[in-house]
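Here is a short briefing on charged side-chain pairs. Look over the sequence and the fold before reading on.

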Amino acid sequence: VIAAFDAEAARSGRENPQLRRALGEVLGEKGDRARAAEQLLLAAELVPEDAELQELCLTALDAAGRRAEAEARLLSLARSSVAARARWIELATRYAARGDAVAAERARTSVVEAAPLEAEGYAALAAERERLQDPA
């Protein structure tokens, strides 16, 4: 089915992000993580504004063991929006989990740097620092 769809898309020059997403979700449910991630990534490239699809991509990449790709995608998503404070914090958490304290701190401070005149960034950074000091 996927090969036929790929061939038709290549022949016609038309893609169907909804079908790619559905294929990715079904493949993920069947445990074919690598192929699920590929289908979801193709769909996400076609509709980058779909936040739910972006989350599915991150989950699929993690499930497929492609954590570096998930981090790179998360970094790109965080950079794409001033309102992406949660993405920066998630990226910091991922960096810290793999032992890269410098990258984690850089991601945390990016919360403020993304919008230095907005109080919300400072508040988010303060909340993250407080969480780190009192992990309980």
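Does Arg98 count as buried, partly exposed or exposed? Arg98 counts as partly exposed, at 49% relative accessibility. The model is predicted. It holds 19 salt bridges. Three of them are set out below.

**Asp62 and Arg94**
- The side chains of Asp62 and Arg94 meet in a salt bridge, at 2.6 Å from N to O.
- Asp62 sits in helix α4 (residues 51-63) and Arg94 in helix α6 (residues 85-97), so this pair ties together parts 32 residues apart in sequence.
- Arg94 has a relative accessible area of 16%. That value is under 20%, so Arg94 is buried.

**Arg98 and Glu71**
- Arg98 and Glu71 form a salt bridge through their side chains, with an N to O distance of 2.9 Å.
- This pair links distant parts of the chain, 27 residues apart.
- Arg98 lies in the loop between α6 and α7 (101-113), while Glu71 lies in helix α5 (residues 67-79).
- The two partners fall into separate classes: Arg98 is partly exposed, whereas Glu71 is buried at 10% relative accessibility.

- Glu105 forms a salt bridge with Arg108, and the closest N and O atoms are 3.2 Å apart.
- Both residues lie in helix α7, 3 residues apart, which is about one turn of the helix.
- Glu105 counts as partly exposed, at 29% relative accessibility.
- Arg108 is buried, with a relative accessible area of 8%.
- Salt bridges with shared partners join Glu105, Arg108, Glu128, Arg129 and Arg131 into one network.

How values were computed. Residues are numbered from 1 along each chain as its sequence is written. This is a predicted model: local features need pLDDT of at least 70, side-chain atom pairs count only at pLDDT 80 or more; totals for chains, interfaces and linings use all residues. Side-chain values use heavy atoms; hydrogens and water are left out. A salt bridge is a side-chain nitrogen of Lys or Arg within 4 Å of a carboxyl oxygen of Asp or Glu. Helices (H or I, at least four residues) and strands (E, at least two) are DSSP runs, numbered from the N terminus. Buried means under 20% relative accessible area, exposed over 50%, partly exposed in between (1.4 Å probe, protein chains only).
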